[in-house]
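User: Could you take a close look at one part of this model for me, the aromatic rings and the strands around them? I'd like a connected account with the geometry included.

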Amino acid sequence: QVQLEESGGGLVEAGGSLHLSCAASGRALNDYVMGWFRRAPGKGRELVATIRWNYGNEYYSDSVKGRFTISKDNAKNTVYLEMNSLKPEDTAVYYCAVRRFGVPEWDYWGQGVQVTVSS
């Protein structure tokens, strides 16, 4: 069992930055993948970025590539999402999630944090 707790959402003007954190507890994350998803009003869930816990391999969706950075702190069991050059279309609830490497299903989810970007 893994518990995930996000923090750091809020309201920011377009062009601004926000820093999200997701603290994991409950088990070691060796050979797991941690990811950030988002769900905008009236839209489906979108995978934003992932990072492999052991090796740090990163993935970004085209919509955020070059603006968002995913990182991790192994000692703190925490994954981060640095969001720069924010746009109104980045407004969404952001969720962190974790899955085992090589398994497509995401096993555990956080409660989500609201990110609102004003124009």
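Analyst: Happy to! Ring pairs join F37, W106 and W109 into a cluster, so let's start there, keeping in mind that this is a predicted model. Searching the whole structure turns up two aromatic pairs. In the pair of F37 and W106, the ring centres are 5.1 Å apart and the planes stand at 90 degrees, which makes the pair edge-to-face because the angle is over 60. F37 belongs to strand β4, while W106 sits in the loop between β9 (92-100) and β10 (108-109), so this pair ties together parts that are 69 residues apart in sequence. F37 and W106 are both buried.

The other pair brings F37 together with W109: the centres are 4.8 Å apart and the planes are at 50 degrees, so this pair is tilted. W109 lies in strand β10, so here the parts tied together are 72 residues apart in sequence. W109, with a relative accessible area of 29%, is partly exposed.

Strand β4 (residues 32-39) pairs with strand β5 (residues 45-52) in the antiparallel sense, over seven bridges. Within this pairing, M34 stands opposite I51 of β5. The two strands make a hairpin with five residues between them, and in its turn G42 has a positive phi of about 75 degrees.

The charged end of R52 sits over the ring of F101, 3.5 Å from its centre. K72 lies over the face of W53, at 5.5 Å from the ring centre.

Past β6, R67 is placed in the loop between β6 and β7 (68-73). With 12% relative accessibility, R67 counts as buried. Its side chain makes a polar contact with the side chain of D90, at 2.7 Å. Leaving aside neighbours within four places in sequence, the contacts of R67 are E82, M83, N84, S85, L86, K87 and D90.

Finally, the start of the chain. V2 is in the segment before β1 (3-7), and at 5% relative accessibility V2 counts as buried. V2 and D107 are 105 residues apart in sequence, yet their C-alpha atoms are 8.6 Å apart in space. Not counting residues up to four places away in sequence, V2 touches A24, S25, R27, L29, V98 and Y108. β1 pairs with strand β3 (residues 18-25) in the antiparallel sense over five bridges, and Q3 has S25 as its bridge partner in β3.

Conventions
Residues are numbered from 1 along each chain as its sequence is written. This is a predicted model: local features need pLDDT of at least 70, side-chain atom pairs count only at pLDDT 80 or more; totals for chains, interfaces and linings use all residues. Side-chain values use heavy atoms; hydrogens and water are left out. Two strands pair if DSSP finds at least two bridges between them. Helices (H or I, at least four residues) and strands (E, at least two) are DSSP runs, numbered from the N terminus. Buried means under 20% relative accessible area, exposed over 50%, partly exposed in between (1.4 Å probe, protein chains only). Contact means heavy atoms within 4.5 Å. A polar contact is a pair of N or O atoms within 3.5 Å; within protein, one must be able to donate a hydrogen and the other to accept it, and residues adjacent in sequence count only if both atoms are side-chain atoms. Rings of Phe, Tyr and Trp (its six-membered ring) pair if their centres lie within 6.5 Å; planes under 30 degrees apart count as stacked, over 60 as edge-to-face and the rest as tilted. A charge sits over a ring if NZ of Lys or CZ of Arg is within 6 Å of the ring centre and within 35 degrees of the ring normal.
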